[in-house]
Amino acid sequence: MELTTLLFYFFSLLTIGSAIFMVFSKNIVHAAFALMFTLLGVAALYVLLFADFIAATQILVYVGGILILILFGVMLTTKGFTDNLKTLTTNLRPVSVVMTLVAAGMIYVLLTTTWPVAEIAEPEGTITGLGTLLLKEYILPFQVTGVLLLVAIIGALLMATKVKHQQ
Amino acid sequence: MTWLESLPLAVFVMIPLVIILIYALFAIWMERKVAGFIQDRLGPMRVGGWHGWAQSFADLLKLIQKEDIIPAEASKFLFRFAPFLMFAASYAAFAVIPFSSAYMGSNIDIGVFYLLAITSLLTISVIMAGWASNNKWSLLGAMRTAAQMVSYEVPTIMAVLSVIIVAGSLNLMTVTEMQSGNDTLGFLPNWLIFQNPFLLVAFVIFFISILAESHRVPFDLPESESELVAGFQTEYSGMRWAMFMLAEYADMLLLSLLGAVLFFGGWNSPFGGFMDGPIWGFFWFMFKGMILVFVMMWIRWTLPRYRVDQLMYLCWSILIPLSFINFVLIALWEMLF
C-alpha cells in the first residue's frame, strides 16, 4: 500500500475515533483533549490534500487558540476540578429517530452521487496565490473581516472589564 | 512509493533527532558548567575525567533506571502522553529549519508559519501534563505556562513578521539564501540584523519573547521552585521527566536556531566565501544557535525571576505595543529605501 494511502487511513481513523470519544466522554476535559486529536487529524488530512496553509492555520487557530480557550474556561469555571460537573444523556428517543433519518439521507447521497476524481497534481505552493487573491480581488471582504474581528475584540474587552457608567 | 521504499525517507527525517540528542547531552553539561563559572564554582568535574564531560550520560543512565511513578488519582492516558506530545511538538518544528544549504527537512513555502503553528501544541501539552497530574502545583504551573505562552506568542509572531516583511518569504531556506554575501557597509555580512535599524529592536523583542516562550529565567514561572515545587512537572519522574527536559532543551535550540536564521544569516559564513559550503554551513548554523543558547543560560544564572503581574505587564503593555510600532516603522523603511 502506498504511504500516503496508509497515512490517509491513519489520520481518518484518528479523526473519527477521537470525535466519537469526544461525544461520548463524560469528562469535559477529556472531551476537550479528544477534540485536540480530531483537529490535528483534520489538519493532517488538509496536508494530504496539498492545502498546507489551511492546515497550519487550522492548528494555529483551533489548537493553539480556541482549544486553549476552552480548556481555560473549563478549568477556571469549575475551580480546576471537574468532578462536580454532571453530564447527562437526555431526549434519547427523538434524537435517535432524527439522527437515523439524517444518517440514512447522507448514506443515500453518498451512494448515489458520482464522485468526480481529479488527477493528483501537486500545486507550486499555495501561499503566493492566496496572498495575491486576498490583497487584490478580495481586499474589501478581507478588510471588512478585519474590522469585524476588531469590533468583536473591543466588545469582549468591554464585557470583561465591566465599565461602570457614571450617572 | 511503498512503505519499504520510504525507509531512506525515515532516515532523512531522523537527522534532526540525532542533532537534538547530541545537543541535549552537551547543553545540559554546558548549563552546569556555565552555572558553576557564574557562581564562582567549577561545576561537574569528576565523571569521565576531563572536566566532567560524561555527567549528562551518567544522569541519563540514572534516569533510565528510575521507577515510572504514576499518581493513583491521575488521568492515566493523558499523564503518560503529555511528555511525548511536548517533544513531538518541538521536534515537528525542526522540519522547516534549514540546517545547511544541503539539508532541510521539508522545503515548504509556509515554513516559519508552520513552525509558529506547530509550537502552539507545546502549550496544550503543558496544560495536559498539569491537569492530568491531579495536583494543585501542577495545575497552577500549567495555567501560568498557558497564560504566559499564549501572551508571548503575540510579540514573537510580530517580531518574526517584521523580518518576513524585509525578507519577503516565509520559506526559511529562501530567507537564509538572501542573506549571503558581505556587502553591508563594505565588510559586514548581509545578515538581516544589519539591513534595517528597526530589525535590531525586533531582535530584542524576539529574544525576550523566546525566553518567555521556552520558559527560561527570568520568565520561568511555570516551574518556579520556590512557590510551585516544580510546576507542571511535579508528579513526573524517570524517563517521562527526562522527556520534558529533552523537550525544553529542544525548544531552546529550536527558537535559538530560528533567531539565527531570521537575524544572523542562518548557515551563511560570517566571512563571505571563506569557510563556506554545506559542512561549514552546518557548523556556522549550530555555532550561531549555540551562542544564543549560551546567552539564555547566562541570563538564567544571572537574573532573578519576574512576578506574574510583572510578566504580564511586560508583555501586554510594553512588548506588544512596541512590536506593533516597530512593525509599522520597518514597513515604512522598506518602502522608502
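This is a predicted model: local features need pLDDT of at least 70, side-chain atom pairs count only at pLDDT 80 or more; totals for chains, interfaces and linings use all residues.
Two residues are in contact here if their C-beta atoms, placed from the backbone, lie within 7 Å.

**Domains of chain B**

Chain B is split into domain 1, covering 16–65, and domain 2, covering 73–336. Their C-alpha centres are 23 Å apart. Across the boundary, 14 residues of domain 1 of chain B touch 16 residues of domain 2 of chain B. On the domain 1 side, two elements of chain B give two or more residues each: helix H1 (7–38) and helix H2 (55–65). H1(B) provides the largest share of that side, with 11 residues. By class, the domain 1 side that touches domain 2 of chain B has 12 nonpolar residues, 1 polar residue and 1 charged residue.

**Contact between the chains**

Chain B puts 25 residues into its contact with chain A, and chain A puts in 21 residues. On the chain B side, helix H4 (111–118), helix H5 (120–132) and helix H6 (136–167) each supply at least two residues. The largest share, 7 residues, belongs to H5(B). The side of chain B that touches chain A divides into 20 nonpolar, 4 polar and 1 charged residues.

**Residue classes of the two sides**

| Domain 1 of chain B, touching domain 2 of chain B | 12 residues | 1 residue | 1 residue |

Definitions and conventions:
Residues are numbered from 1 along each chain as its sequence is written. Chains are lettered from A and ligands numbered from 1 in the order in which they are written. Domain bounds come from an automatic or database domain assignment. Helices (H or I, at least four residues) and strands (E, at least two) are DSSP runs, numbered from the N terminus. Ala, Val, Leu, Ile, Met, Phe, Trp, Tyr, Cys and Pro count as nonpolar, Asp, Glu, Lys and Arg as charged, and the others, Gly among them, as polar.
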